Amino acid sequence: MSDTDDVIDEVFAVIERRKAELPEDSYTASLFTHEKGENAVLEKLGEEMTELLLAAKDGDEDELAHEAADIVYHLLVLLSMQDVDVAALRAELAERRG
C-alpha cells in the first residue's frame, strides 16, 4: 500500500469515527447531522468542484491541490454516508487500470 493509500485510509477512519461519535466541535460530524442531510455534503462537493475548475483555469497549482483535497475529503464523507467503504472505491479504480 502506498503512502497515499495510507492517508486516504486514515482520513476515512477519522470520518467514520466522527460519524459514530458525532463530537459537537467537529466539522465532519456537522455534515452527518446537518438539517439538509446528505444535501449538505453534495452542495459542498459542487462548491469545491467549481473552485477546483477555477484553480485549474488560473493555473494555480497550490490552489488546485488544495481544492482537489477538499473534493477527496467530501467524497469520502459521502461514501461514509452511503455506507460504502473506501475499499470499494479502491477496487473500482483498480479495475480501471487495465
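Author: Start with the length of helix α4. Its 21 residues should span 30 Å at 1.5 Å a residue, and the end C-alpha atoms are 30 Å apart, so the two figures agree. The expected span of a helix is taken as 1.5 Å times one less than its number of residues. Helices here are DSSP runs of H or I with at least four residues, strands are runs of E with at least two, and both are numbered from the N terminus.

Some notes on the source come next. This is a predicted model, in which local features need pLDDT of at least 70 and side-chain atom pairs count only at pLDDT 80 or more, while totals for chains, interfaces and linings use all residues. Residues are numbered from 1 along each chain as its sequence is written, and side-chain values use heavy atoms, with hydrogens and water left out.

Helix α4 covers residues 61-81. The buried residues of α4 are E67, D70, I71, Y73, H74, L76, V77, L78, L79, S80 and M81. Buried means under 20% relative accessible area, exposed means over 50%, and partly exposed lies in between, with a 1.4 Å probe and protein chains only.

One of these buried residues is S80. Its relative accessible area is 1%, so S80 counts as buried. Leaving out residues up to four places away in sequence, S80 touches F12, I15, E16, K19 and F32. Contact here means heavy atoms within 4.5 Å.

After α4 comes D83, which has a positive phi near 60 degrees. D83 sits in the loop between α4 and α5, the latter being residues 86-95. D83 is exposed because its relative accessible area is 63%. Another positive phi in a residue other than glycine belongs to L22, near 50 degrees. L22 lies in the loop between α1 (3-21) and α2 (27-33). With a relative accessible area of 37%, L22 is partly exposed.

Helix α3 spans residues 38-58 and holds K57. K57 has a relative accessible area of 61% and is therefore exposed. Its side chain makes a polar contact of 2.8 Å with the side chain of D58. A polar contact is a pair of N or O atoms within 3.5 Å; within protein, one must be able to donate a hydrogen and the other to accept it, and residues adjacent in sequence count only if both atoms are side-chain atoms. K57 and L45 are twelve residues apart in sequence, and their C-alpha atoms are 18 Å apart in space.

Now the whole protein. It has five helices and zero strands, and from the N terminus its elements run α-α-α-α-α. The C-alpha atoms fill a box of roughly 40 × 30 × 20 Å along the principal axes. Of the 98 residues, 27% are buried. Among contacts with a separation of 6 or more, 61% join residues 24 or more positions apart. The protein exposes about 6600 Å², of which carbon and sulfur atoms supply 53%.

Notes: Accessible areas come from the Shrake-Rupley method with a 1.4 Å probe; for residues, only the protein chains shown count as cover.
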